Amino acid sequence: MTRIDALLAAGRTRSLEFFPPRTEVGHRNLAATLGAFDQIDPAFVSVTYGAGGSTRDLTRDLVIEIGRTHHIPAMPHLTCVGHSKGELVALLEDYAAHGVDNVLALAGDPPADGSDPGGDFRYAAELVELIREVGDFSVGVAAFPEGHPRSTSLADDRRFLAEKLRLADFGITQFFFRSEDYFRMVDDLSALGVDRPIVPGVIPMLDTGGVRRFADLNGAWFPDDLALRVDRANEADRLALAVDAAVTLCEELVRGGAPGVHLYCMNRAEAPREIFASISL
Ligand code: FAD
């Protein structure tokens with residue numbers, strides 16, 4: 001089974017997010033993680049895409065290589081802001097020709113300096129519609145439990161998210177640290193008549209500075225106390241603290257009915273191996 005919509009329909013999934021490495025060390029980390037797949041046993045992985053296409057070929061090549069070498073569905077992320085319709089269609093056709101069945105459809109962020117990114121698209125929902133025209137992909141979209149930072153209000157964001165999910169097959173969330181934020185979003189969507197599976201994204205608190213920066217960018221709540229304990233711990237305890245906190249969150253999510261867990265693993269194997277060994281999915 002290689003379609004993520006089918007995997008989610010069949011049971012809870014465990015999955016990982018990768019990014020295409022650019023350094024020698026980065027390649028070694030990723031190779032070690034791919035080599036640990038028999039212990040981590042992911043149902044699928046996803047591979048990020050640099051906004052505007054900065055990792056276009058790296059993302060494509062990694063997705064195709066993982067699918068071919070590890071026989072695990074690898075889902076490319078794809079952003080539409082700044083791209084022409086022709087560019088996106090060409091990439092999607094290439095994915096279809098290589099047997100890629102899943103795509104995560106994203107808007108991407110506009111340039112930080114406020115300049116016009118150009119391109120034919122503004123919102124992820126438009127990309128979902130394009131993907132449907134091009135091929136028979138299983139299509140995922142992004143969800144922000146605490147609301148997207150550019151949204152005019154949480155209610156507006158939920159409305160747009162509901163519309164986007166109606167066109168797509170499933171969602172994957174930005175990372176968050178309080179299970180109630182996830183369940184509130186699921187309840188809000190249910191009240192809007194949408195019950196597509198939304199896989200929660202969970203990040204182990206290892207690189208505290210990086211996680212804080214990303215949480216700030218996304219307007220997400222950040223657990224200062226956990227970060228402080230991790231910062232003060234030695235190397236071995238740091239991993240244990242990060243894993244324990246992630247396991248607690250994953251267990252709450254799974255108990256509450258989440259359809260799986262997607263780990264932001266930063267291409268590393270240690271935390272996913274321990275987290276997935278500790279929770280029953
Ligand atoms: P959209 O769903 O289009 O929403 C963007 C904003 O527009 C929201 O505020 C929404 O409320 C609002 N909106 C939506 N529709 C409308 C409308 N019709 N009218 C007015 N407002 C509207 N970025 C990358 O560059 N590369 C990646 O690989 C990547 N992977 C990601 C993976 C996940 C799981 C997540 C959660 C995010 C990822 N991102 C990635 C970040 C994402 O591209 C940015 O957060 C981007 O700003 C929003 O993308 P979106 O797909 O949620 O956009």
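Which residues lie nearest the centre of the second largest pocket? I began there, and found Phe-177, Leu-226, Ala-245, Thr-248 and Leu-249 to be the ones nearest its centre, out of 19 residues that line it.

Before going on I noted that this is a predicted model, in which local features need pLDDT of at least 70 and side-chain atom pairs count only at pLDDT 80 or more, while totals for chains, interfaces and linings use all residues. Residues are numbered from 1 along each chain as its sequence is written, and side-chain values use heavy atoms, with hydrogens and water left out.

**Second largest pocket.** I worked with a 1 Å grid over the protein atoms alone, where a pocket is an open set with protein on both sides within 12 Å along at least five of seven lines, a cavity is a set of points where a 1.4 Å probe fits but cannot get out, and lining residues have an atom within 4 Å of a point. I read about 250 Å³ of space in this pocket. Its lining takes two or more residues from each of α8 (179–191), α10 (224–232) and α11 (235–255), and α11 gives the largest share, six residues. For helices I took DSSP runs of H or I with at least four residues, and for strands runs of E with at least two.

**Ligand.** I then turned to the ligand, which 24 residues surround, the closest being Tyr-49, Asp-109, Ala-124, Asp-157 and Lys-164; a residue is counted if one of its heavy atoms lies within 4 Å. I looked up its polar contacts, meaning pairs of N or O atoms within 3.5 Å. A polar backbone atom of Tyr-49 lies 2.6 Å from a ligand nitrogen, whereas a polar backbone atom of Ala-107 is 2.9 Å from a ligand oxygen. From the side chain of Arg-150, a polar atom comes to 3.0 Å from an oxygen atom of the ligand.

**Aromatic pairs.** I found seven aromatic pairs in the structure, rings of Phe, Tyr and Trp (its six-membered ring) being paired if their centres lie within 6.5 Å and called stacked if their planes are under 30 degrees apart. Phe-18 and Phe-37 make a stacked pair, at 6.2 Å centre to centre and 10° between the planes. Because Phe-18 lies in strand β1 and Phe-37 in helix α3, this pair ties together parts that are 19 residues apart in sequence.

**Cavity.** The largest cavity holds about 50 Å³ of space, and its lining includes Phe-144, Gln-174 and Asn-218.

Terms used. A polar contact is a pair of N or O atoms within 3.5 Å; within protein, one must be able to donate a hydrogen and the other to accept it, and residues adjacent in sequence count only if both atoms are side-chain atoms. Grid points are joined across faces, edges and corners, and a volume is the space filled by probe spheres set on the points. Rings of Phe, Tyr and Trp (its six-membered ring) pair if their centres lie within 6.5 Å; planes under 30 degrees apart count as stacked, over 60 as edge-to-face and the rest as tilted.
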